[in-house]
Amino acid sequence: MKTRERILQASLQLFNEQGERAVTTNHIAAHLDMSPGNLYYHFRNKQQIIAELFARYEAQVDDYLRVPEGRALTLTDKSAYLESAFHGLWDYRFLLRDLEHLLDCDDQLAERYRAFSRRCVDGARAIYQGLVDAGILHHELTDPDVLAVNSWLLMTGWVSYLCTSVLESGQALTPEQLRRGVYQVLAQEWPLLSDEARPAVAELLKAYHSPLR
């Protein structure tokens with residue numbers, strides 16, 4: 001593995017485990033058993049590392065948050081969206097946990113995130129409209145605009161909610177707790193589902209449900 005990739009992977013691991021604010025470039029270099037100078041050859045500062053990790057998260061979300069062309073959406077698509085959202089939450093949980101701080105410290109990152117956020121809401125809106133068009137959600141009951149914004153708020157705020165309201169001091173996040181965030185998004189759609197879609201979605205709800213504590 002190239003040194004630049006090792007730095008990025010180690011940074012992501014440490015940021016996720018300890019929180020971005022607790023990790024310095026010296027910590028990252030020591031974790032990799034390299035000199036700080038070697039790290040600075042590849043990244044001038046920690047902000048550059050964070051920007052590169054955000055770019056990877058951004059690309060991952062942009063890749064899955066699309067409506068398939070030439071066919072209607074299915075519940076299999078719905079399941080794939082949910083699983084992709086979970087993996088994004090888990091793999092880059094430090095971004096969501098420390099989001100406000102990260103954006104306050106980097107104006108360029110803040111501008112990129114605003115554009116990213118708008119794209120995500122637009123993508124979610126198109127997906128919800130696709131679910132309506134496919135008959136999975138009731139047309140007369142469903143507002144894709146409202147669901148898109150609510151889902152984005154739930155997904156981006158879930159890690160912060162866990163850290164501030166659920167976890168005890170020093171307790172680490174678990175994948176099961178993050179899966180519960182996906183459950184919360186799915187649960188808001190239950191009253192809007194068509195009768196045909198309810199059995200399959202009920203199984204998805206069981207799969208993503210887990211106790212918060």
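Me: How many aromatic pairs does the structure hold?
Reply: A pair of aromatic rings is described by the distance of the centres and the angle of the planes. The structure, a predicted model, holds 8 aromatic pairs. Rings of Phe, Tyr and Trp (its six-membered ring) pair if their centres lie within 6.5 Å; planes under 30 degrees apart count as stacked, over 60 as edge-to-face and the rest as tilted. F54 and Y113 form a tilted pair, 6.1 Å centre to centre with 50 degrees between the planes. F54 lies in helix α4 (residues 46-64) and Y113 in helix α8 (residues 107-133), so the pair ties together parts 59 residues apart in sequence. Helices are DSSP runs (H or I, at least four residues), numbered from the N terminus.

Me: Are F54 and Y113 buried or exposed?
Reply: Buried means under 20% relative accessible area, exposed over 50%, partly exposed in between (1.4 Å probe, protein chains only). Both F54 and Y113 are buried.

Me: Which residues form one aromatic cluster?
Reply: The cluster is made up of F54, Y57, Y92, Y113, F116 and W152.

Me: Where is D33, and what is its phi?
Reply: Most residues other than glycine have a negative phi. Phi of D33 is positive, near 55 degrees. D33 is in the loop between α2 (25-31) and α3 (36-42), and is exposed, with a relative accessible area of 72%.

Methods
Residues are numbered from 1 along each chain as its sequence is written. This is a predicted model: local features need pLDDT of at least 70, side-chain atom pairs count only at pLDDT 80 or more; totals for chains, interfaces and linings use all residues. Side-chain values use heavy atoms; hydrogens and water are left out. Helices (H or I, at least four residues) and strands (E, at least two) are DSSP runs, numbered from the N terminus.
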